[in-house]
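User: Please walk me through the labels used for this model. I would like to see the cut-off behind each one and how the value meets it.

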Amino acid sequence: MKKINTFWSNDKASRLYKPLAELFATLRHQSLVIGFSGGADSAMLAVCASQLAKDYDIRLYALHIHHGLMSNADKWVEQCQQLCEHLAIPFSVSYVTVDKKSGLGIEGAAREARYQAFADYAKAHQISHFLLAHHLDDQAETLLLRLLRGSGIKGMRGMSSISKKDGLVFHRPWLGCERQLILDLAEEFAAQTGWQAVQDESNYDTQYKRGALRVTLSPALNQYWPSWKQNLARHARLMDEAQAIMDDMAVLDFQHLSVSEDQHSFCLKAWRELPPYRQSNVLRYWLALLGLQMPTDKRLQQWLKQLREVHQLGYDREVKLEHEQWIIYVRKGKVILSDNKKIAQ
């Protein structure tokens, strides 16, 4: 590979440089793992990050997830390793098995496998910060897909520039940058160095929902609503503010429910005194507080109906709401969450 000459004086590079430099200024002396698919997005993130890392005493690593789903996957590993050697970034590959019967779909199952690989790598290397190349187009597509699935306010917040999961911190400094800017930079990088980014054909495969959106819907939106990506990003910010207000209200309401010390039960009568929309809000808050997966909206509405109609002491009927390995039931005026195996008969 040829060395870079005037690449870094380019305006496109500087516009991608800025948000990354702002992030690195807050992470001095840290170790960062780049989620590195080898596509143009993560490749340019690796290139830009490698130029900045020394200025902020940041140690960079690259992790490539081999999902085993595409025929060219082994070739992609070679391409990724070649670029990382050129950038002097330590490179690792994680081979994962995607559970096609998980009920999440191929895309969802691949995402779960990917984040588990991140967690395994973090544990093995004692690194908690990950750098991801999601950009404005990814954000807009995610919001549109969630809207079409009927996601609520929390889902419509989209991706966050900083998010935490299972003790890991994920940074997305390019969420405000359009992908075309990255593609233009990748093209110039290829012209100067000869290195070509991975081309994953599944990105535009219409059997996948995101691929179908890119092929069929995005071109029409670009033609008739050229600012749709920015508008959706603004919508995500407003939803984030709305969710924060709802969370604050849930905390206040929860404090008045005579909650048990272990937070596994609360007073049904006090809960019923709340307006219906605050009943559902605080119930969601309670489930999230205890680390449970959120039920579907249909299922949650069924739960709310039963909790609103049962005798407040639980005498007239049995409320038994099963969720994962847990059961929510009513006893002596309390709504109780218990492990399925530990419920007293």
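Analyst: The strands themselves are DSSP E runs of at least two residues and the helices are H or I runs of at least four, numbered from the N terminus. Please keep in mind that this is a predicted model, where local features need pLDDT of at least 70 and side-chain atom pairs count only at pLDDT 80 or more, while totals for chains, interfaces and linings use all residues. Residues are numbered from 1 along each chain as its sequence is written, and side-chain values use heavy atoms, with hydrogens and water left out.

User: Thanks! What makes E1 and E4 a pair, and which residue stands opposite Ile-34?

Analyst: DSSP gives three bridges between E1 and E4 (residues 129-131), in the parallel sense, and the rule asks for at least two, so they count as a pair. Within that pair, Ile-34 stands opposite Leu-131 of E4.

User: And how do you know that E1 pairs with E2?

Analyst: By the rule just given: E1 and E2 (residues 59-66) share five bridges, again in the parallel sense.

User: Why is E1 called largely enclosed?

Analyst: Five of the five residues in E1 (residues 31-35) are buried, and therefore the strand is largely enclosed by the rest of the structure. Buried means under 20% relative accessible area, exposed means over 50%, and partly exposed lies in between (1.4 Å probe, protein chains only). In a regular strand, side chains alternate between the two faces of the sheet. Both faces of E1 are covered, with Ser-31, Val-33 and Gly-35 buried on one side and Leu-32 and Ile-34 buried on the other.

User: What makes Phe-118 and Phe-170 an aromatic pair, and what kind is it?

Analyst: Rings of Phe, Tyr and Trp (its six-membered ring) pair if their centres lie within 6.5 Å; planes under 30 degrees apart count as stacked, over 60 as edge-to-face and the rest as tilted. The structure holds 10 such pairs. For Phe-118 and Phe-170 the centres are 5.9 Å apart and the planes meet at 45°, so this pair is tilted. Phe-118 sits in helix H4 (residues 105-125) and Phe-170 in strand E6 (residues 168-171), so the pair ties together parts that are 52 residues apart in sequence. Phe-118, at 4% relative accessible area, is buried, and Phe-170, at 1%, is buried too.

User: Why is the pair of Phe-266 and Trp-286 put in its class?

Analyst: Their planes are at 85° and their centres 4.9 Å apart, so the pair is edge-to-face. Phe-266 belongs to strand E7 (residues 265-267) and Trp-286 to helix H10 (residues 276-289), so this pair links parts 20 residues apart in sequence. Both Phe-266 and Trp-286 are buried.

User: How do you know that Lys-165 sits over the ring of Tyr-115?

Analyst: A charge sits over a ring if NZ of Lys or CZ of Arg is within 6 Å of the ring centre and within 35 degrees of the ring normal. The charged end of Lys-165 sits over the ring of Tyr-115, 4.9 Å from its centre.

User: Is Met-70 called buried, partly exposed or exposed?

Analyst: At 23% relative accessibility, Met-70 counts as partly exposed. Met-70 lies in the loop between E2 and helix H3 (73-87). Contact means heavy atoms within 4.5 Å. Leaving out residues up to four places away in sequence, Met-70 touches Trp-76, Asp-200, Glu-201 and Ser-202. The C-alpha atoms of Met-70 and Asp-200 are 8.4 Å apart, although 130 residues separate them along the chain.
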